[in-house]
Amino acid sequence: MIKSIENKIYDSIKRRKNGSIFFASDFACVGNGQAVNKALERLTNTQKILRLSKGIYCKPRIDTELGLGVIYPTLEEIAEAIAKRDRSRIMPTGDYALNRLGLSTQVPMNAVYYTDGTPRKIQIYNGRGIRFLRVAPKRFAFKSKLAAMLTFALLEVGRGNLSEEQERRIKELLATVPQEAIVNDYSLMPDWIRSIIKNSYAELS
């Protein structure tokens, strides 16, 4: 008996880990786009998979210990899955970078990333979104991810606008990374950001 497109897709999904993110384009070899989309729609309607956004799905992960029910992927997990599919690099920036670093308690509605791939905005299941901003390759020249994220986050804060709490948090972050791991990135930072990081290391020593 020849399996239906829906069954072929579901057989593939069942072999994935709970919480795995996948795309309609992953099943291009199974059938044409319209047929694949219809099959995914039926699987969504029967709650066998979750639709995160147009063409983006995940295998449900259920929390049984705390009774939280279905746990959706984070914006970061979705963004990284898209970047992996597109073979592009991404880096959090703006308010989202501030929140990720613990420099702000405000949770932005949109996660903004720099990318060397295709610029786009994606609306996600809960009304939030992911925005990819294409930037020059120099933005990805940082060797240290922390150095890059601090630079982009501080650019959002602006020169002279750091609070004492944010200064303390920066020291906490830098205490986890030796200065030797960041020193090669100093040339990529504006002078005032480089001074903040150097002074923080000086106070830590």
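I began with terms: helices (H or I, at least four residues) and strands (E, at least two) are DSSP runs, numbered from the N terminus. With that I placed lysine 171 in helix α6.

Ground rules next. This is a predicted model, in which local features need pLDDT of at least 70, side-chain atom pairs count only at pLDDT 80 or more, and totals for chains, interfaces and linings use all residues. Residues are numbered from 1 along each chain as its sequence is written, and side-chain values use heavy atoms, with hydrogens and water left out.

**Entry: lysine 171**

Is lysine 171 buried, partly exposed or exposed? I read a relative accessible area of 21%, so lysine 171 is partly exposed. The scale is this: buried is under 20% relative accessible area, exposed is over 50%, and partly exposed is in between (1.4 Å probe, protein chains only). I then listed its contacts, meaning heavy atoms within 4.5 Å. Leaving out residues up to four places away in sequence, lysine 171 touches Ser200, Glu203 and Leu204. Leucine 204 is 33 residues from lysine 171 along the chain, yet their C-alpha atoms are separated by 7.2 Å.

**Entry: the cores**

I looked for nonpolar cores (sets of buried Ala, Val, Leu, Ile, Met, Phe, Trp, Tyr and Cys residues joined through side-chain atoms within 4.5 Å). The largest has 30 residues, and Leu101, Leu150, Leu174, Ile182, Met189 and Ile197 have the most contacts inside it. Helices α4 (94-101), α5 (145-157), α6 (164-174) and α7 (191-204) each supply at least two residues of this core. The largest share, nine residues, comes from α5. Another core lies apart from this one; it has 20 residues, including Leu52, Cys58, Ile78 and Phe132.

I also checked leucine 101. Neighbours within four places in sequence aside, leucine 101 is in contact with Leu146, Met149, Leu150, Ala153, Arg169 and Leu173.

I count two strands as paired if DSSP finds at least two bridges between them. Three bridges link β1 to β3 (residues 56-58). Which residue in β3 is the bridge partner of isoleucine 21? I found cysteine 58.

For angles, axes are lines fitted to C-alpha atoms, for helices over the stretch in contact, and the angles run from 0 to 180 degrees between N-to-C directions.

**Entry: α1 against α2**

Helices α1 (residues 5-14) and α2 (residues 33-45) pack at about 65°, and their axes are 9 Å apart. From α1, Ile5, Glu6, Ile9, Tyr10 and Ile13 meet Ala35, Val36, Ala39, Leu40, Arg42 and Leu43 of α2.

**Entry: the other strands**

Strand β6 (residues 90-92) joins β7 (residues 110-115) through three antiparallel bridges. There, isoleucine 90 stands opposite threonine 115. β7 also runs parallel to β9, with six bridges, and threonine 115 stands opposite arginine 134 in β9. β8 (residues 120-123) and β9 (residues 129-134) run antiparallel with four bridges. Lysine 121 has arginine 131 as its bridge partner in β9. Five residues lie between the strands of this hairpin, where glycine 127 takes a positive phi near 90°.
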